Amino acid sequence: MRGIDVYHGDGWPLKPVPAKAYKESDFVIVKATQGVSYKYTDYFGKMMKKAISDGKLIGAYHYAAGNDAVKEADYFLSVVKDYVGKAILCLDWESMQNKAWGSKTWCEKFIKRIKEKTGVTCFLYTGTDGMKQCASLAGKVPLWF
């Protein structure tokens with residue numbers, strides 16, 4: 001199964017490279033929010049509608065900024081609420097623009113909040129360094145690596 005994640009920097013319509021990957025993909029995961037105030041509502045909505053109309057499986061992701069994990073989770077849910085149960089929900093845990101990078105509990109708090117509010121288990125999207133910080137989640141949540 002092939003997929004792509006997209007965000008507003010990929011353009012609307014999509015720039016040539018992401019457009020080719022999109023065309024060849026089975027699923028699309030779209031960036032919805034970052035932190036507690038940065039959202040891509042117009043881009044997010046357009047891209048989700050396009051993916052659905054093109055028959056793609058869908059997902060939405062939140063880029064962690066390292067503020068209060070519960071507030072970031074609530075903010076993410078306020079934007080993606082219409083897609084809960086239709087799209088996979090993902091947390092993007094990276095070092096850039098993330099003041100909580102290095103925390104061994106932040107991701108767990110975010111993912112726990114998503115589960116409490118929706119009943120959905122959120123995916124964790126990270127790399128090798130992120131997995132070292134999130135070892136407590138190993139085998140408990142889906143991993144997008």
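**Exercise 1. Val79 and its surroundings**

Find the residues in contact with Val79, leaving aside its neighbours within four places in sequence, and decide whether Val79 is buried or exposed.

*Solution.* Step 1: apply the contact criterion, heavy atoms within 4.5 Å. With sequence neighbours within four places left aside, Val79 is in contact with Ala32, Thr33, Lys39 and Phe44.

Before going on, a word on the model. It is a predicted one, where local features need pLDDT of at least 70, side-chain atom pairs count only at pLDDT 80 or more, and totals for chains, interfaces and linings use all residues. Residues are numbered from 1 along each chain as its sequence is written, and side-chain values use heavy atoms, with hydrogens and water left out.

Step 1: Val79 belongs to helix α3; helices (H or I, at least four residues) and strands (E, at least two) are DSSP runs, numbered from the N terminus.

Step 2: check the distance to Thr33. The two C-alpha atoms are 7.5 Å apart, although Val79 and Thr33 are separated by 46 residues along the chain.

Step 3: read the accessibility. Buried means under 20% relative accessible area, exposed over 50%, and partly exposed in between (1.4 Å probe, protein chains only). At 17%, Val79 is buried.

**Exercise 2. How α3 and α4 meet**

Describe the crossing of α3 and α4 by angle and handedness, then classify the residues in their contact.

*Solution.* The axes of α3 and α4 approach within 8 Å and cross at roughly 45°.

Step 1: name the angle. α3 is therefore oblique to α4, since under 35 degrees counts as roughly parallel, over 145 as roughly antiparallel, 65 to 115 as roughly perpendicular and the rest as oblique.

Step 2: The crossing of α3 past α4 is right-handed; the near helix is turned clockwise from the far one in a right-handed crossing, and anticlockwise by less than a right angle in a left-handed one.

Step 3: list the partners. On the α3 side they are Ala69, Val70, Glu72, Ala73, Asp74, Phe76 and Leu77; α4 supplies Trp106, Lys109, Phe110, Arg113, Ile114, Lys117 and Thr118.

Step 4: sort them by class. The contact of α3 with α4 has 8 nonpolar, 1 polar and 5 charged residues. Here Ala, Val, Leu, Ile, Met, Phe, Trp, Tyr, Cys and Pro count as nonpolar, Asp, Glu, Lys and Arg as charged, and the others, Gly among them, as polar.

**Exercise 3. Salt bridges**

*Solution.* Step 1: recall the idea and the cut-off. Side chains of opposite charge can pair when their charged atoms come close. A salt bridge is a side-chain nitrogen of Lys or Arg within 4 Å of a carboxyl oxygen of Asp or Glu.

Step 1: look at Asp74. Its partner is Arg113, with 2.8 Å between the closest N and O atoms. Asp74 sits in helix α3 (residues 69-80) and Arg113 in helix α4 (residues 106-118), so the pair ties together parts 39 residues apart in sequence. Asp74 is partly exposed at 27% relative accessibility.

Step 2: turn to a network. Salt bridges with shared partners join Arg2, Lys20 and Glu24. Within it, Glu24 and Arg2 pair at 2.8 Å, N to O. Glu24 is in helix α1 (residues 16-24) and Arg2 in the segment before β1 (3-6), so parts 22 residues apart in sequence are tied together. Glu24 is partly exposed at 38%, and Arg2 is partly exposed at 46%.

Notes: Axes are lines fitted to C-alpha atoms, for helices over the stretch in contact, and angles run from 0 to 180 degrees between N-to-C directions.
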